[in-house]
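Reader: Could you walk me through how some helices pack in this one?

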Amino acid sequence: MLGFFKKFSNSTAKSTKKLFKNFSELFSSSKLDESVINDIERALFSADFGVKTTQDIINSLKAIYKKDKSLSTDLAIETTRNIIKNTLQGAEANIPQKDDTTQIICLIGVNGSGKTTTAAKLAHYYNKHGASVMFAACDTFRAAANEQIKIWAERIGIDIVNGQPGSDAAAVAYDAYQSACAKKRDFLIIDTAGRLHVKDNLMNELKKISKTLSKINPDIQLNNWLVLDGNIGNNSLEVAKTFNDAIGIHGIIVTKLDGSSRGGIIISIYRELHIPILFVGTGEQLDDLTKFSVEKYIDSLF
């Protein structure tokens with residue numbers, strides 16, 4: 001099994017390649033000049049580091065270069081690392097652990113972001129850490145979605161509560177929570193229907209799920225986790241803003257980083273919204289979900 005750093009490094013390989021052109025091109029000598037700094041600026045933008053973070057890095061490099069034309073590669077890297085580290089301060093979060101209640105993780109996001117696969121990975125993660133899990137199949141719009149999560153439940157060996165196609169998703173969530181509590185499951189993972197973030201009626205459905213569950217238990221532990229496709233770059237930021245405004249997001253999981261050259265989007269999202277990054281998806285296997293670490297994320301880029 002790959003260790004965290006190896007997985008993270010592999011998953012951000014395309015970001016690293018695009019960002020620094022494998023170092024051999026941008027950092028081919030021990031000293032940098034204005035032309036290379038401009039190349040770094042373009043690379044940062046293309047990897048979706050965002051305007052503000054890119055400007056911070058480039059302005060710092062230019063200020064150092066203005067004072068000392070012998071700007072070294074090592075100093076440039078150290079400066080960039082420190083700016084990224086400061087930007088991501090607080091981005092890590094404690095992952096909920098089992099206690100004496102049934103906690104709820106509600107996975108939300110747009111179509112194709114990888115919610116159902118992420119639900120399976122989370123269930124596998126918690127199983128490995130000694131917690132019991134149940135699924136709530138609340139994507140009642142697509143029969144295929146119910147079948148997919150049922151297959152995952154059977155493969156992992158956990159219970160699932162699902163409704164008929166077209167049924168009320170909030171009612172399915174209600175039944176699933178009642179069942180999870182009765183069976184003393186540590187976590188209920190709710191897989192919701194993929195929805196465009198501009199569709200108010202679908203956003204209202206998410207609100208209804210939350211209100212319905214809160215009626216059962218006002219002190220319910222409900223975690224709204226947004227699943228974002230790392231391939232869509234800066235569009236992820238707009239998606240995150242809309243979902244956060246509509247229902248409130250408690251954490252973010254970034255998927256498909258293994259196929260993306262836009263790993264810098266993690267920095268843009270956290271800088272703008274200050275919502276913790278919980279996990280990153282690094283592949284298609286059950287073990288390909290790793291807890292986010294600022295230090296290891298930066299190490300993987302450099």
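Author: What follows is a short talk about helix packing.

Author: This is a predicted model, where local features need pLDDT of at least 70 and side-chain atom pairs count only at pLDDT 80 or more, while totals for chains, interfaces and linings use all residues. Residues are numbered from 1 along each chain as its sequence is written, and side-chain values use heavy atoms, with hydrogens and water left out.

Reader: Ok, at what angle do helix 3 and helix 4 pack?

Author: Helix 3 (residues 34–46) packs with helix 4 at about 170 degrees, the axes being 10 Å apart; helices here are DSSP runs of H or I with at least four residues, and axes are lines fitted to C-alpha atoms over the stretch in contact, with angles from 0 to 180 degrees between N-to-C directions. That makes helix 3 roughly antiparallel to helix 4, a word used for angles over 145 degrees.

Reader: Which residues of helix 3 and helix 4 meet?

Author: In helix 3 they include I37, L44 and F45, and in helix 4 they include I57, I58 and L61, where contact means heavy atoms within 4.5 Å.

Reader: Switching topic, which residues are buried in helix 5?

Author: T73, A76, I77, T79, T80, I83, I84 and T87 are buried in helix 5, meaning under 20% relative accessible area with a 1.4 Å probe, protein chains only.

Reader: And what do the buried residues of helix 5 pack against?

Author: They pack against helix 4, helix 11 and helix 12 (294–301), whereas the face turned away from the buried side carries D74 and N86, which are exposed, that is, over 50%.

Definitions and conventions
Helix = DSSP H or I, 4+ residues; strand = E, 2+ residues; numbered from the N terminus. Parallel < 35°, antiparallel > 145°, perpendicular 65-115°, else oblique.
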